[in-house]
Amino acid sequence: MSQTTAAPTARLPRQIPYIIGNEACERFSFYGMRNILVQFLVSSVILAYVPEAERQGVAKDVFHSFVIGVYFFPLLGGWLSDRYFGKYNTVLWFSLIYCAGHACLALFEDSRNGFYTGLFLIALGSGGIKPLVVSFCGDQFTTANKHLAKLVFDGFYWTINFGSFFASLLMPLFLRDLGPAVAFGIPGVLMFIATFIFWLGRKQYVRVPPTRGEDPHSFLNVARSALLAQAPGQGRPGLLVAGFGALLAVAMLGCWLLQAAFGVAVPYWPADFHFIITACLALGALIAFGGIGVSMQLERARGRHPDAAVDGVRAVLRILIVFALTTPFWSLFDQKASTWVIQGKAMTVPHEAWWWPSWLVSEAGQMQALNPLLIMLLIPFNNVLLYPALRRIGFEPTPLRRMGWGIAFSGIAWVIAGLIQLQIDSGAQTSLALQTWPYLLLTFGEVLVSATALEFAYSQATVAMKGVIMAFWYLTSTFGSLWVLLTNAAVRNDAVTARIAATGYSENAVLMFFFAAFAFVAALAFAAYARTYPMQDNYRAA
């Protein structure tokens, strides 16, 4: 009788509404500007220097470069939080930078330098807080009420999309009717409100102190010990692999510098690989070869560090493989705000149909509102109906199974988008309503991948690495957009263009089917790895 736990009567922490309210306003702010960015750039003076036939491609490059920044800066935010300032202070300060970025967009709609400065500040501010708000939310729970965490993470994701829905629906209209200054200014006001709400809860938050780099058994210290340790009669192959990755990264950056700064043509290094592509490839080389090298020699760290610390590093390396296999999903998902918007502009809005809500959706850019609307419907549908039904027939929808199927559904969505593109290319009048199907499938895939990953990433990370591991999760979107930039650079190659022309299909259609195949291959690889992944439980003790 004395063994009764407190779990059944555990209550939701009182500070959670502040975090949820902050996230709802911040997401309106972010998606409000993000979802009109490509539309604005295509017709703005910002890209007036680009020939009209090339503006759509350049606008997509700017958009995905911005997305890369948004999902790269979580590394900085996570590091500053874990080592120096803690999650609360880091979120608050980066939020102020975020507000300044929105102000620049509203003030400098006619200035390329001013507008791009605003995009940089938003990428820095949004990226800096991105890994921290979710893990800060998780910090408010203990083992006594962790059963409520899944509901909160789902509610957290639902609230994100509540803000995103109204932003996606309204901002294209504001851009069209009120102009870019107002359209970019409104998200700035919402970001200020988000910052204020977060500040209001300051006295109630549980604040896990930063490690300040004093943990001798941190991830980096264990990894360094593993790479540098010598074993009698054995070499250090892991150090050689990690060193090769570092040299490869330096070589990539050197090739870019020679071409960009000195105009020297480097054999086998494409001229279209600008700094952002090169920096992402260099970072990928460091992470991939460094992780392989540490894994090869990790057992050498035992004795120098506790077994728990070494096992924790092994768990992180396994998590990074899971993350890497989800990057193709993000290459498909983020293009709904670029490639799909451009496709929608070539379609016909069916105003004459009795069932089409012209009062709500009057132009192609507003179709993006389907994504958050469907998420708000699918999350409760999955939890209340789908997952219990799957369990009744003996199929347990584990986090990894959900994520693998989510990648596959994104591939199906792009097959349908490709079929729609073929109809557009044939010259037939194509209803915008057809985009509902790919949005539905892509959103279902997003719920299975992204909503699940919030819970998965927090539960798998050790206490000292929660902020950083969340940063690595968001980095998957950086590499997802990298795949898009690499593909866009490839189709500028004459040989690739000739091959696409030989198929008899348009470039847009071929690329859509290519990304669909990319997703199917990734889903198979993910499923194969998930079968061997050992799940962890790293919630904070009560």
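Biologist: Which residues does Asn221 touch, not counting those up to four places away in sequence?
Modeller: Asn221 touches Asp215, Pro216 and His305, once residues up to four places away are left out. Contact here means heavy atoms within 4.5 Å.

Biologist: Before I go on, where does this model come from?
Modeller: This is a predicted model, so local features need pLDDT of at least 70, side-chain atom pairs count only at pLDDT 80 or more, and totals for chains, interfaces and linings use all residues. Residues are numbered from 1 along each chain as its sequence is written, and side-chain values use heavy atoms, with hydrogens and water left out.

Biologist: OK, and where does Asn221 lie?
Modeller: Asn221 is in helix H8, residues 219-228. Helices (H or I, at least four residues) and strands (E, at least two) are DSSP runs, numbered from the N terminus.

Biologist: Why does Asn221 count as partly exposed?
Modeller: Because its relative accessibility is 21%. Buried means under 20% relative accessible area, exposed over 50%, and partly exposed is in between, using a 1.4 Å probe and protein chains only.

Biologist: New topic: Lys87. Buried or exposed?
Modeller: Lys87 is buried, because its relative accessible area is 8%. Lys87 sits in helix H4.

Biologist: What does the Lys87 side chain pair up with in a polar contact?
Modeller: With the side chain of Asp139, at 2.9 Å. A polar contact is a pair of N or O atoms within 3.5 Å; within protein, one must be able to donate a hydrogen and the other to accept it, and residues adjacent in sequence count only if both atoms are side-chain atoms. Leaving out residues up to four places away, Lys87 also touches others, including Ser81, Leu132 and Phe136.

Biologist: And Trp79, where's that one?
Modeller: Trp79 is in helix H4 too, which covers residues 74-107. Trp79 counts as partly exposed because its relative accessibility is 39%.

Biologist: Zooming out, how many helices and strands does the protein chain have?
Modeller: There are 18 helices and zero strands.

Biologist: How does the radius of gyration fit a compact globule?
Modeller: It agrees: with 542 residues, a compact globule would be near 24 Å, and the protein chain has 24 Å. That radius is taken over C-alpha atoms, and the globule rule is 2.2 Å times the number of residues to the power 0.38.

Biologist: What share of the residues is buried?
Modeller: Of the 542 residues, 55% count as buried.
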